[in-house]
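The following questions and answers set computed values against the definitions that give them their names. Please look at the structure first.

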Amino acid sequence: MHGIVLKESGKEYPSGSTFVLGNVIRNTQGQSIQFRLVNQGSSVVNIGDGSIIGTNSSEFLLIASNLTSTLEPGDYKEFEIQFSPDNTLGVKTGMFTINSDDPVVGNYSLKLTGTSIPAPAPRIEVKISSTILTDNSSGSRQSFSTQENTQSTPKTFTVKNTGNLNLNLINPIDAQGSDNAYFSVTQPSKTTLAPNESTTFTIRFNPNNTTVRNAIAQIYTDDPNIPVFRVLLEGTGTPTPVPKIEITYVNNSSVTENATLPGLHSFNFGSIFPNSSSSSKTFIIKNVGDIGTTLNISGATVSDSTNFTVSSISSLSLAKNSGTDPAATFTVTFNPISIGNQTATLTISSTNGASGNTSNNTVELSGLGGKRDVLLSWSSSKEKGVHQTGGGYILCYKKTSSFNTAMETGVSCLTVPYVSGPYAPNSVTATLSSAGTYYFRVKAYSQLNTAANFSTAFTLTVTSPGP
């Protein structure tokens, strides 16, 4: 090759060549490269002072006092070039030029390139699943939700060293903030991560109520840029599923009534003959609480079990596994043993019907031990002494069949004595306490006649108590 040429470490770089100065850490100075500008021609060459031009010319340093000289054939001039990148990263370019009167080469140029690289350092990267999180960012906030007084499923975080030096976790990962006690951290298995190595840790949320809780998970490392990586945490406790009891029945107005609502709840069975039973009144118990709960029913009782009867409940445990409310039933009947008003309190109890707490719901029951008052009258007797002191009538009656004497089993008698006036009373009210067909016979009595005969029997059928 004739004319001027640059040489470096035994290699020649003719004008227009490219020289790569390699990788240099940003904001530092790379190695000085020594060049020798040699006149390989056969004539004298005059050269001017050199310079570096181009986009990143300021990052390439020409180390030479003055290159202007006259080079005889075979002479040379030495100088150095140094790559000193600024703070920005990436490939930088420039061009070394020098004027000459070389008849072969003319002005000489050498393209320069160098790459600005970051300083060797550990770098932390935190991911959850495939999402890379940003330090202390609301967009990277992690939300937890679980039932109060339970522990959430864990969220797994991955810590990776994306740098080129070991990354050290220098303190245990912790949760900070006024609500930090509601978040628990499981520590990673590794505390030193080689470049591209990863480890994981988990966080759980442990609420004791439904208050929204906030904290910050802090990862302490020797990453020079992010010594403390912060993950914002938010947790919400959801209400504990609870059973809820509902008790319904059709009231005396033919309206379905909910006995678990506030207010007085009652039912009247009406008038029933003693020793008879009313129609049964059905009560329905449901678990109208949350899915996944079981309503436990203690039982249904009445304060007066003599005149009111409660059946067994069809099921004492109502598990709700879907949107359908499970139900159980029981009945109450009124069976008075005597005439008169009767009352009782029906109580339905559960160990967890009041949203998880004990419940006792009541319905006031009432009924009348009924009777049928029948006014009976007959023609006045003409027998001696009936209409005088010591005289009068005897009315006797028997249910189902007739009778001949007052002494027979099942016969009841009413005495209607003379009081005053021309005649003894010839009517009386009989109180009947059960349904059926009654046979009545009447006879007179007096001091003069103690063995009068009964009249012919007459009948009356009673189907229900009177008003």
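Q: Why is D135 called partly exposed?
A: D135 has a relative accessible area of 21%. Buried means under 20%, exposed means over 50%, and partly exposed lies in between, with a 1.4 Å probe and protein chains only. D135 is therefore partly exposed.

Q: What kind of model is this, and how are its residues numbered?
A: This is a predicted model, in which local features need pLDDT of at least 70 and side-chain atom pairs count only at pLDDT 80 or more, while totals for chains, interfaces and linings use all residues. Residues are numbered from 1 along each chain as its sequence is written, and side-chain values use heavy atoms, with hydrogens and water left out.

Q: What makes the contact of R230 with D135 a salt bridge?
A: The term requires a side-chain nitrogen of Lys or Arg within 4 Å of a carboxyl oxygen of Asp or Glu. The closest N and O atoms of R230 and D135 are 2.9 Å apart, and the pair forms a salt bridge. R230 lies in strand β22 (residues 228-238) and D135 in the loop between β13 (131-132) and β14 (142-147), 95 residues apart. Strands here are DSSP runs (E, at least two residues), numbered from the N terminus. R230 is partly exposed, at 28% relative accessibility.

Q: How do you know that R213 and D179 form a salt bridge, and which parts does the pair tie together?
A: Their closest N and O atoms are 3.6 Å apart, and the pair counts as a salt bridge. R213 lies in strand β21 (residues 212-220) and D179 in the loop between β17 (174-176) and β18 (183-186), so the pair ties together parts that are 34 residues apart in sequence. R213 is buried, with a relative accessible area of 12%, and D179 is buried at 12% as well.

Q: Is K92 buried or exposed, and what does its side chain meet?
A: K92 has 4% relative accessibility and therefore counts as buried. Its side chain meets that of D86 in a salt bridge of 2.9 Å, N to O. D86 is partly exposed, at 32%.

Q: Why are β3 and β6 said to stand at the edges of their sheet?
A: Two strands pair if DSSP finds at least two bridges between them. Four strands form an open sheet in the order β3-β11-β10-β6, with mixed pairing. β3 (18-25) and β6 (51-53) each have a single partner strand, so one side of each is left without a neighbour in the sheet.

Q: How do strands β10 and β11 pair?
A: β10 (residues 90-98) and β11 (residues 108-117) pair in the antiparallel sense over 9 bridges. T93 stands opposite T113 in β11.
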